[in-house]
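Open your viewer and load the model. This tour tells you what to select, stop by stop.

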Amino acid sequence: MALDLDVLLIQIVVNIIVMAPVLWLAGRTLAGKENAKFVDAIWIVVLGTVISTVFNAMFDGIIAAIILLIILLGLVKHFFDCGWLKAFAIAVLAAIIFVVIIVILGIVGIGLFTLWAF
C-alpha cells in the first residue's frame, strides 16, 4: 500500500485549519486554558492525521477503528494533560462544535460544496 505524501500534506494543512481551532475550543472548555494550548491542538491534529492515515492504509475493520480511537484519545489525553474520560468528553464536544459550525455556515449559505461551484 503506497501513501501519497502530497495528499497527506494537504490533509494535514486542511485538518489544522478546520479541526485545530475546534479541538482547542473543546479542550479549553473542559481541560482548562492552562492545559489546552493551541499548539497542543495543532500537534494532536498533525499526529492524529499521520497516524490515522498510516493505520488506515495497513488495517481495516471495526477492531482497527477501535484501536485508532484509543490512539487518538491517547493523544488528547497526553497533550491536554487530562484523564481518559475527559479526553473522550473533549472529543465528543469537539464533534458537537464542528457540527454546529457546519450547520451555521450552511444556514448563512456558505456550504462546503459551494466552494467548488466556481
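## Start at a loop

Select Gly-83, which sits in the loop between H3 and H4. Keep in mind that this is a predicted model. Is Gly-83 buried, exposed or partly exposed? Its relative accessibility is 36%, so it counts as partly exposed.

Draw a distance from C-alpha to C-alpha: Gly-83 and Leu-73 are 9.6 Å apart in space. Along the sequence, 10 residues separate the two.

## Step into helix H4

Move to Trp-84, which lies in helix H4. How far apart are the C-alpha atoms of Trp-84 and Leu-73? They are separated by 7.1 Å, with the two residues 11 apart along the chain. Trp-84 has a relative accessible area of 47%, so it is partly exposed.

## Zoom out

Show the whole chain as a cartoon. How many helices and strands does the chain have? Count four helices and zero strands. Read from the N terminus on, the order is α-α-α-α. Next, colour by burial. Of the 118 residues in the chain, 27% are buried.

## Look into the largest pocket

Then colour by element. Helix H1 (5-31), helix H2 (38-58), helix H3 (62-79) and helix H4 (84-107) each give two or more residues to the lining. Which helix gives the most? H2 does, with five residues.

Select Phe-88, Val-92, Ile-96, Val-99, Val-100, Ile-101, Ile-102, Val-103, Ile-104, Leu-105, Ile-107 and Val-108. Together they make a nonpolar surface patch of about 1,000 Å².

For the last stop, pick Ile-101 from that patch. Ile-101 is in helix H4.

Technical notes:
Residues numbered from 1 in each chain as written. Predicted model: local features only at pLDDT ≥ 70, side-chain atom pairs only at ≥ 80, totals over all residues. Heavy atoms only, no water. Patch = residues over 30% accessible without salt bridge, like charges linked within 9 Å, V, L, I, M, F, W, Y side chains within 5 Å. Areas by Shrake-Rupley, 256 points an atom, 1.4 Å probe, with all protein chains shown as cover. Salt bridge = Lys/Arg side-chain N within 4 Å of Asp/Glu carboxyl O. Buried < 20%, exposed > 50% of the residue type's maximum accessible area, 1.4 Å probe, protein only.
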